[in-house]
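This briefing covers salt bridges, helix contacts and a strand pair. The model is shown first, followed by the points by topic.

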Amino acid sequence: MPIVPDMPDVPAGGGDHQDDRGAARLSGPLFRDEATPQPPEVQQPAAQTPQEPMTGAAPHPEPKPQKKSAGRDLGAAIGVGVGLGAVIIASLFIVKAVFVGVIAVAVVVGLWELTSRLDERKGIKAPLVPLAVGGAAMVVAGYVRGPEGAWVAMALTALAVLVWRMTEPPEGYLKDVTAGVFAAFYVPFLATFVAMMLTADDGAWRVLTFLILTVVSDTGAYAIGWRFGKHKLAPRISPGKTREGLLGAVLFAMVAGVLCMQFLIDDGTWWQGLVMGACVAASATLGDLGESMIKRDLGIKDMGTLLPGHGGIMDRLDSLLPTAPVVWLLLVLFVGSG
């Protein structure tokens, strides 16, 4: 959010220059029209107003049109994105357990960013230790035991948050544990659905489909919104988002969905890709708006500075987290759990 500098305070009555004018009146004639008359030979001729503008005056230059800007270091953003993509793809297709570890690390860092901003901006002290331990355990439990393991780990993490906070004074207990339970659900529990996708026989391709659709949706929203966006989608939440950008996200994601379901997912069909693409565009946009709402409430632009050109880990997970359960559920309905 751009920060507009405060305008200097200007007194309503004009300030000190009113007094200066008063002093000037006291040192001259009592009234402004009472100028001291001069002899005719001394009087100055009245200034003549030129009838035509000066021909030698340089015309004012036309203002140059402002170019649209992405607002971030695009080179750094692309470099970081390529690096993250390489790590994800390598771990995804070489050793699945390593990819589960990548998810767990992202979850812990995301929780650290979220709880740190809550403490700094709102004085809400959600306990990080039980959240980090429980969040990592939640991801592993989802991979090993499926949905049942994820739910049990979620419940135990919430209980650990309640107990851990009891070691502190009771003031603020309710808001701290509420924020802690919210953080446990928002970050590790939603991320657990990515680990559960990985358990299928074609799990790596399912996760890749999920990542491709989310990234393509964000890219379509950015490209079309930046070029053609005129109508704001949610100006009070995220002024940069437009309805044209949302349409671009839907179209790009639907095309990507058809290709992924047809060529990457066993027994997938093109019409399933259309449905999945539209759903991913909706969930990714809502996830982005949801985190924008949190950041606007906190009065910050980014959740962190860990990733140059991107912000923090949470600024990259905003659209991925709510999209994970959507893709997991649709794949189970379309082609089974594998």
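Lys295 and Glu291 sit 4 residues apart in helix α8 (residues 270-298), a spacing of about one turn of the helix. Helices here are DSSP runs of H or I with at least four residues, strands are runs of E with at least two, and both are numbered from the N terminus. The model is predicted: local features need pLDDT of at least 70, side-chain atom pairs count only at pLDDT 80 or more, and totals for chains, interfaces and linings use all residues. Residues are numbered from 1 along each chain as its sequence is written, and side-chain values use heavy atoms, with hydrogens and water left out.

- Lys295 and Glu291 form a salt bridge, with 4.0 Å between the closest N and O atoms; the term requires a side-chain nitrogen of Lys or Arg within 4 Å of a carboxyl oxygen of Asp or Glu.
- Both Lys295 and Glu291 are buried, where buried means under 20% relative accessible area, exposed means over 50%, and partly exposed lies in between (1.4 Å probe, protein chains only).
- Through shared partners, salt bridges join Glu291, Lys295 and Asp315 into one network.

**Other salt bridges**
- The count of salt bridges by this rule is 8.
- One of them pairs Asp176 with Arg165, at 2.8 Å from N to O.
- Asp176 belongs to helix α5 (residues 173-197) and Arg165 to helix α4 (residues 128-165), so this pair ties together parts that are 11 residues apart in sequence.
- Asp176 and Arg165 are both buried.
- A salt bridge also links Asp119 to Lys125, where the closest N and O atoms are 3.0 Å apart.
- Asp119 has a relative accessible area of 32% and is therefore partly exposed.

**Ala137 in helix α4**
- Ala137 is a residue of helix α4.
- With a relative accessible area of 40%, Ala137 counts as partly exposed.
- Ala137 and Thr192 are separated by 55 residues in sequence, while their C-alpha atoms are 9.8 Å apart in space.

**Strand pair**
- Strands β1 (residues 232-234) and β2 (residues 238-242) run antiparallel and are joined by 2 bridges; strands pair if DSSP finds at least two bridges between them.
- Lys232 has Thr242 as its bridge partner in β2.
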